Amino acid sequence: MKAVENGSTSIGIKAKDGVVLAVEKIVNSKLLVPGKNKRIQTIDRHIGVAYSGLLPDGRHFVNRGRDEASTYSNMYKEPVSIPHLMDRLGLYVQNYTCYNSVRPFGVVSIVGGVDANGPHLYMIEPSGTYWGYTGAATGKGRQTAKSELEKLNFEELTVREAVKHAARIIRQAHEDNKDKDYELEITWCSLEETGGQHQFVPEDLLQEAIKFAQEEDDEDDEDEEDTEMAT
Amino acid sequence: MFRNNYDNDSVTYSPTGRLFQVEYALEAIKQGSAAVGITSGSHVVLVALKRNAEELGSYQKKIIKVDDHMGIALAGLAPDARVLSNYLRKLAMNSKLVFNRPLLTSKAVLSIADKAQENTQLYGSRPYGVGLLVAGWDETGAHLYEFQPSGSVLEYNGAAIGARSQAARTYLERNLDAIRSCTEIEELVVHGLNALRDTLSQDMELTIQNTSVSFVGKDKDFTIHDNEDVQQWLDKLDSTSNDKNNANDDEDDDNDEPAEGTATAADSTQPELTQEGAAADDNMETD
Amino acid sequence: MNHDPFYWGRPSDETYGHYNHAIANAKSQIPTSHTQQPIITGTSVLALKFKNGVAIAADNMGSYGSLLRFNNIERLIRVGTETIVGISGDISDLQYIERLLHQLQTEEEVYDSDGGHNLRAPHVHEYLSRVMYNRRLKMDPLWNAIIVAGFSDDRTPFLRYVDLLGVTYGSLALATGFGAHLAVPLLRKLVPYDADYEKVSEEQARVAIADSLRVLYYRDARSSDKYTFAVLTFENDKINVDYKQDLKVENQSWRFAENLIGYGSKQQ
């Protein structure tokens, strides 16, 4: 868990018609190619995973998820449901805590997708424990992110609005990592917007969300200035 | 970094959440001599500084060809790099055999990333002790990736690994725009060698014996140049030794370069000693 | 009495002698074999190259021997955005290949893709021919004949065949099953030489394939008149896929049947 706590922030939001995953991608060097080195990965076509902590362990986790999903759909001829997949992944992650010949996964993963029963969002930790959430956050800025997420009204939220809120929340959570530059990566999965497939949000929507996040931030700053002047 | 209770194997976390064995593996890379990679979008260049164990010994190969369109530069434990490069060669061949298409660079690096990650989570094996710069040209363009034993792989426009590589990275960051707008391979190679030169320690200089140059890109298969073939690019540099170390000797070096160039072109079989002897003689004469 | 647990429940060695292990390890006279017969089958797949594209068609029938068991089987599979795979032969193997291709798509195009690359016809064909040949080596073939239609890397039309033996070949006009005998000569009438496919227009190609399907419906006893027709074209740097289902063979004239003599109702 300690390894995870210092990792960059990831969040997930379950809206009424889909899920949104977002990651604060810390950029360590100007030499890194912008827009590449994607952090959020896909399992099958309809499930997305965002993780914080030891990134190679996250890839291992996703690779296992992909194997499980393909075995299931080969057997039952339909895409795996997210609760079922989480069951299998929870078991797999827990296995790595049983023996001294392996070490536990150094990631907390947020898994979201849409299946026959609608949108689902889960978060799984290195112990193998997982819960279903409407809003989940992990990584360095999780406290800030969690308190912001709690303010959202998930029953009414659409996936489009959720994308904008995700950008805003990541920006606020980034305060904990203020000295570094970051890139925002957002994905969504919704029957109406993406046909049930997990995809990166289109460029124009991403820019809109970033602008929204900046405006919200500026407003907050203005409010603070006003109160200062008042005193 | 000092020994502690949590660094015996890679399946133990430290109380602060670190994997010491993996971090030690990263140290092994810093012991290796420098390798620099840069890409302009249409070509990728890998240059490396070769080292020899003793004066009369051969220099350790630093750049390995994986396929006609892909190659790697290594820093760290060379045998580990051999294992990984053999694996990459198999993958590349498999892609041609099963899909009749050259292996995508991104698939190649993600595959060794996952392979390396296994060694950080299972008991009995140690993490790979080598860092790689993977350069490739495929249908999505020219790509350069940096591979680390932790299993982390990131795509860069310019990267450097090995001893004193931070100096090279600083050069690359400063010249990033110039590099990205290069249209000729030659320009790119010169930038790469300049960055490599910044990693040199005192009294060291780039010679045809210890410098390895390779490139790949649009309409160009992955080719490695060693020994005499490298002279053509060394001639294009202002100086083959690190300017910051030899602040006083700059002028002499400039005067020596063209002379050495013509001399060695003729006697290509002369060992390094003779070159240095010639330089010393020239120094005395101009002084 | 022998109380050793390993001798419980076995005939006693004293009476019957020690067990002869040659019995259990005896080699079978009959070698194990997987070679099958196709059960539900699909008939011909036809395909033709023309200027800037390929046309491919297959009917929707699944025959159980001579019984028309299924008339809603889709035998043209879309792979990625620019390739069509037409499969004839055993239908359950067709469905297995469909699954393989779907998985291939997911792995190549969805997983860890930064975009900019996709699965194209030459790759799909090479992959399928490896699969088919390796099954043949195990003497456990997928009982199919497959045609892969699409575009090469340089955007010229790509058309290639692979079957249960792992045999591959390419040509201007390809067909499987009965089509190889009846349709290919008709399709080749358009252009005598392979390299001249550039002279064939899309309209000509469409008409040629529709005509061949009609002839097959007349003469192939395992064919039906409902079919799917796909035409892939490369225009203005973009690939167009025109995928039409539930088409019917038109302009049928069965009058030729009246003139057949020698069996059935007309013996003389």
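1. Between chain B and chain A the count is two salt bridges, a salt bridge being a side-chain nitrogen of Lys or Arg within 4 Å of a carboxyl oxygen of Asp or Glu. One of them joins Glu155(B) to Lys36(A), with the closest N and O atoms 3.6 Å apart. The elements of chain B that give two or more residues to the side touching chain A are helix 3 (105-121), strand 7 (153-155) and helix 4 (165-174), where helices (H or I, at least four residues) and strands (E, at least two) are DSSP runs numbered from the N terminus. Helix 3 of chain B gives the most, with five residues.

2. The model is a predicted one, in which local features need pLDDT of at least 70 and side-chain atom pairs count only at pLDDT 80 or more, while totals for chains, interfaces and linings use all residues. Residues are numbered from 1 along each chain as its sequence is written, and side-chain values use heavy atoms, with hydrogens and water left out.

3. The area buried between chain B and chain A (accessible area, 1.4 Å probe, that two parts lose on being put together, summed over both) is about 2200 Å², and carbon and sulfur atoms give 56% of this. On the chain B side, Tyr13(B), Gln121(B) and Glu155(B) lose the most area to chain A, together 29% of what that side buries.

4. Chain C has five helices and 13 strands. Its radius of gyration, taken over C-alpha atoms, is 25 Å, well over the 18 Å that the globule rule (2.2 Å times the number of residues to the power 0.38) gives for 268 residues, so chain C is more spread out than a compact globule.

Note on methods:
Chains lettered and ligands numbered in written order.
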